[in-house]
Amino acid sequence: MAKLTALQIKRINELRELFPSKLNVSVCRMEDGTFLAEIKSLHSIRTEGNNFSELIEMVNDAVKTYFEVPGKLLPYMPNYVPPIRAAQKLDVFPVRSIKETFTLPLAN
């Protein structure tokens, strides 16, 4: 990636400040298996996706479009990630409980 100018860094920080820390999103699964989301936190913007993963991509795209993020600054913007329980409730990630023990090494 190209080095950012001070002005670009300032704009990135200004845009990131606009993003709510959480989004209130209503999601429903349509009869054909596609998904519809209404982002209530942002004037009830609606978007859709063919699957749950695509829907989350579209929600993030809708937020970035709402705040008019320039294309070259998109990689520096945060993304919203749904909790696993949301996918479980929509039956797109049906595993309800997994217990696993493992060691996490400290990254250098």
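Two strands count as paired here if DSSP finds at least two bridges between them. With that in hand, here's a quick tour of this predicted model, starting with a hairpin and then moving to a few residues worth a look. β1 and β2 make that hairpin, with five residues between them.

**The β1/β2 hairpin**
- Strand β1 covers residues 25-29 and runs antiparallel to β2, with five bridges joining the pair.
- Across that pairing, Val-27 sits opposite Ala-37 of β2.
- In the turn, Gly-33 has a positive phi of about 95°.

- Ser-44 isn't a glycine, yet its phi is positive, near 55°.
- You'll find Ser-44 in the loop that links β2 (35-39) and β3 (45-49).
- Ser-44 has a relative accessible area of 34%, so it is partly exposed.
- Glu-68 is another non-glycine with a positive phi, about 55°.
- Glu-68 belongs to the loop between α2 and α3 (84-89).
- Is Glu-68 buried or exposed? Its relative accessibility is 63%, so Glu-68 counts as exposed.

**Asn-60 in helix α2**
- Asn-60 is part of helix α2, which spans residues 52-66.
- Why does Asn-60 count as buried? Because its relative accessibility is 6%, and the cut-off for buried is under 20%.
- Which residues does Asn-60 touch once those up to four places away in sequence are set aside? They are Pro-78, Asn-79 and Tyr-80.

**Gln-8 in helix α1**
- Gln-8 sits in helix α1, residues 6-18.
- The side chain of Gln-8 reaches back to the backbone nitrogen of Thr-5, at 2.9 Å.
- Skipping neighbours within four places in sequence, Gln-8 is in contact with Lys-3 and Lys-72.
- How far apart are Gln-8 and Lys-72 in sequence and in space? They're 64 residues apart along the chain, while their C-alpha atoms are 9.7 Å apart.

Technical notes: Residues are numbered from 1 along each chain as its sequence is written. This is a predicted model: local features need pLDDT of at least 70, side-chain atom pairs count only at pLDDT 80 or more; totals for chains, interfaces and linings use all residues. Side-chain values use heavy atoms; hydrogens and water are left out. Helices (H or I, at least four residues) and strands (E, at least two) are DSSP runs, numbered from the N terminus. Buried means under 20% relative accessible area, exposed over 50%, partly exposed in between (1.4 Å probe, protein chains only). Contact means heavy atoms within 4.5 Å. A polar contact is a pair of N or O atoms within 3.5 Å; within protein, one must be able to donate a hydrogen and the other to accept it, and residues adjacent in sequence count only if both atoms are side-chain atoms.
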